[in-house]
Amino acid sequence: MARKDRLFSLIQILRDGNLYRACDLAALVGMSLRTLYRDMDTLAASGVPIRGERGVGYQITAAYTLPALNLTKTELEALHLGMAAVGESDDTELANAAKALSRRIDGVLPEDSAAASGWSFATYPFADAARGFQHMPKLRQSIRARQKMQISVGGDISKLRPLALDYWGRLWTLAAWSETGNGFVTMRVDQIDSLDAMPAGFVDEPGKTLVDYLAWNKARGQRVVKP
């Protein structure tokens, strides 16, 4: 299994917030303990809120928090460039959020800090880097409007009821009910080739709601024996 697919599988298992032993996670995903430990370190370093340690177990905490940070000038510049890239996105909501976040960071930086020089939001030609956000506006709009979508991934076309978007350490996923497969699916947004809103909307039906999806996803994780 490719590394990115292993990481995605681990996130899907851990997202219910329960504590899992390393040996159970390794067995479910099909990897060695050594690889499991390395992947867990990678997830933690990428921003996924994982709590745990070897010999005890791992779990994802519910909340994402950003404690006080002391950033070097280089680190601050990297954050600035990231905000600029998002600001180039066609996703107006994310672009506005990037500008607002930039103003907030600018407001708390010490006036005598060398790193503060040149922080204020600027637009850079990073349109190519921002193209990964191209599907987000349509997905969010369809979730809010309860609009069915036709989505193509790897040549396979599915008719979906989009339910929610989740962010897990730089990875966006879409939770949906598939009318094509008659079941719940979780897919990575970065793997979507194309999508189109369908004329038909949808209403909540027993067994096909977001609450049902969360229960279904939790049940999948219960296949692993927990301590």
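Phe-184 is buried, its relative accessible area being 13%, where buried denotes under 20% relative accessible area, exposed over 50% and partly exposed the range in between, computed with a 1.4 Å probe on protein chains only. The structure is a predicted model, in which local features need pLDDT of at least 70 and side-chain atom pairs count only at pLDDT 80 or more, while totals for chains, interfaces and linings use all residues. Residues are numbered from 1 along each chain as its sequence is written, and side-chain values use heavy atoms, with hydrogens and water left out.

Aromatic pairs were assigned where the ring centres of Phe, Tyr and Trp (its six-membered ring) lie within 6.5 Å, with planes under 30 degrees apart taken as stacked, over 60 as edge-to-face and the rest as tilted. This rule gives four aromatic pairs. One of them joins Phe-184 and Tyr-213 in an edge-to-face arrangement, at 5.7 Å centre to centre and with 70° between the planes. Because Phe-184 belongs to strand β6 (residues 183-188) and Tyr-213 to helix α8 (residues 210-221), this pair ties together parts 29 residues apart in sequence; helices (H or I, at least four residues) and strands (E, at least two) are DSSP runs numbered from the N terminus.

Tyr-213 is likewise buried, with a relative accessible area of 1%. Tyr-213 also pairs with Trp-216 in a tilted geometry, at 5.5 Å centre to centre and 40° between the planes. Both residues lie in helix α8, three residues apart, about one turn of the helix, and Trp-216 is partly exposed at 27% relative accessibility. Trp-177, Phe-184, Tyr-213 and Trp-216 together form one aromatic cluster.
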